[in-house]
Amino acid sequence: MKVAVISALLLVAVGAAQAGTAIVGAKESPQKGPWCGT
Amino acid sequence: MLAGELKFAGDVTRVDWNASAAATGAGFGDAEITLCETPLSEVTTSFVGNYGGNTPALIYSNSWLVITTTGDQWFGFDCAKPFAYGGSKNLIVEMRWRRDNETTVPSWHFDTKPAFRNCAVGTYAAEQGKLGTWCSRHRFTYTAAAVSPTSLGRIRALFR
């Protein structure tokens with residue numbers, strides 16, 4: 001009789017914060033402001 | 001900003017505007033920047049009404065903010081405290097200041113016609129503003145939520 005035991009350790013998921021950037025809007029129109037001194 | 005434009009959920013740590021040309025020493029006194037989630041998809045003339053019942057969070061303040069740009073470049077502000085953006089509602093970026101040195105930072109905008117996406121006024125404490133069909137080009141730096149839950153598993157198998 002052959003008996004084997006397999007033991008495996010699984011790392012299912014590693015929690016890690018992911019940094020990113022999101023750019024909204026195209027360069028459609030160069031305008032004054034909104035940082036606009038009066 | 002619309003949730004469909006932002007396409008993320010997480011903690012916002014920095015907000016940038018995109019200068020379109022050089023500006024030297026544009027000064028703004030008692031400057032404040034706030035972020036606020038809102039259910040509205042376009043703004044009205046009422047600043048408070050635009051919050052849609054939510055409370056804006058102050059992410060930046062400076063007694064005398066000076067902005068200098070050399071051309072087409074991002075310029076922005078690290079958040080004093082990360083802003084938790086849920087990813088499903090729209091987001092209002094609001095800034096105000098009490099005085100300035102009459103210097104402007106030219107910036108890139110995008111057209112939002114026919115939707116009103118901008119509300120502005122030249123008086124600090126005004127409750128109503130003038131509407132515009134444009135929006136500033138923005139870059140948001142954020143930290144997304146960690147993968148959850150982290151799990152560790154063990155498999156034991158017996159073969160005969």
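A residue is buried if 20 or more other C-beta atoms lie within 10 Å of its own, exposed if 12 or fewer, and partly exposed in between, with C-beta atoms placed from the backbone. I worked on a predicted model, where local features need pLDDT of at least 70, side-chain atom pairs count only at pLDDT 80 or more, and totals for chains, interfaces and linings use all residues. Residues are numbered from 1 along each chain as its sequence is written, and chains are lettered from A and ligands numbered from 1 in the order in which they are written.

**Entry 1**

I began with B:Lys7, which is exposed because it has 11 other C-beta atoms within 10 Å. I found B:Lys7 in the loop between α1 (3-6) and β1 of chain B. Helices (H or I, at least four residues) and strands (E, at least two) are DSSP runs, numbered from the N terminus. The phi of B:Lys7 is positive, near 55°, and the residue is not a glycine.

B:Asp30, also not a glycine, has a positive phi of about 50°. I located B:Asp30 in strand β2 of chain B. B:Asp30 counts as partly exposed because it has 14 C-beta neighbours inside 10 Å.

I then looked up cis peptide bonds. One joins A:Gly33 and A:Pro34, with omega about 15°; A:Pro34 lies in the segment after β3 (29-31) of chain A. Another runs from B:Lys113 to B:Pro114, with omega near 5°, and B:Pro114 sits in the loop between β7 (107-111) and β8 (118-120) of chain B.

**Entry 2: the chains**

Chain A has zero helices and three strands. Of its 38 residues, 5% count as buried. In chain B, 26% of the 160 residues count as buried.

I noted the radius of gyration of chain B, taken over C-alpha atoms, as 20 Å. A compact globule of 160 residues would have a value near 15 Å, by the rule of 2.2 Å times the number of residues to the power 0.38. The C-alpha trace of chain B spans about 85 × 35 × 30 Å along its principal axes.

**Entry 3: partners of β2 in chain B**

Two strands pair if DSSP finds at least two bridges between them. Strand β2 (residues 22-38) runs antiparallel to β3 (residues 57-70), joined by 11 bridges; there B:Glu32 has B:Ser61 as its bridge partner. With β5 (residues 90-96), β2 of chain B pairs antiparallel over seven bridges, and B:Glu37 is partnered by B:Leu91. With β6 (residues 99-100) the pairing is antiparallel over two bridges, and B:Gly29 stands opposite B:Arg99.

**Entry 4: cores and B:Trp17**

A nonpolar core is a set of buried Ala, Val, Leu, Ile, Met, Phe, Trp, Tyr and Cys residues joined through C-beta atoms within 7 Å. The largest has 14 residues, and B:Val12, B:Leu35, B:Phe83 and B:Leu91 have the most contacts inside it. A second, separate core of 10 residues includes A:Trp35, B:Ala19, B:Ala26 and B:Ala31.

Where does B:Trp17 lie? I found B:Trp17 in strand β1 of chain B. B:Trp17 is buried because 25 other C-beta atoms lie within 10 Å. Two residues are in contact if their C-beta atoms, placed from the backbone, lie within 7 Å. Leaving out residues up to four places away in sequence, B:Trp17 touches several residues, among them A:Trp35, B:Phe75 and B:His138. B:His109 is 92 residues from B:Trp17 in sequence, and their C-alpha atoms are 9.5 Å apart.
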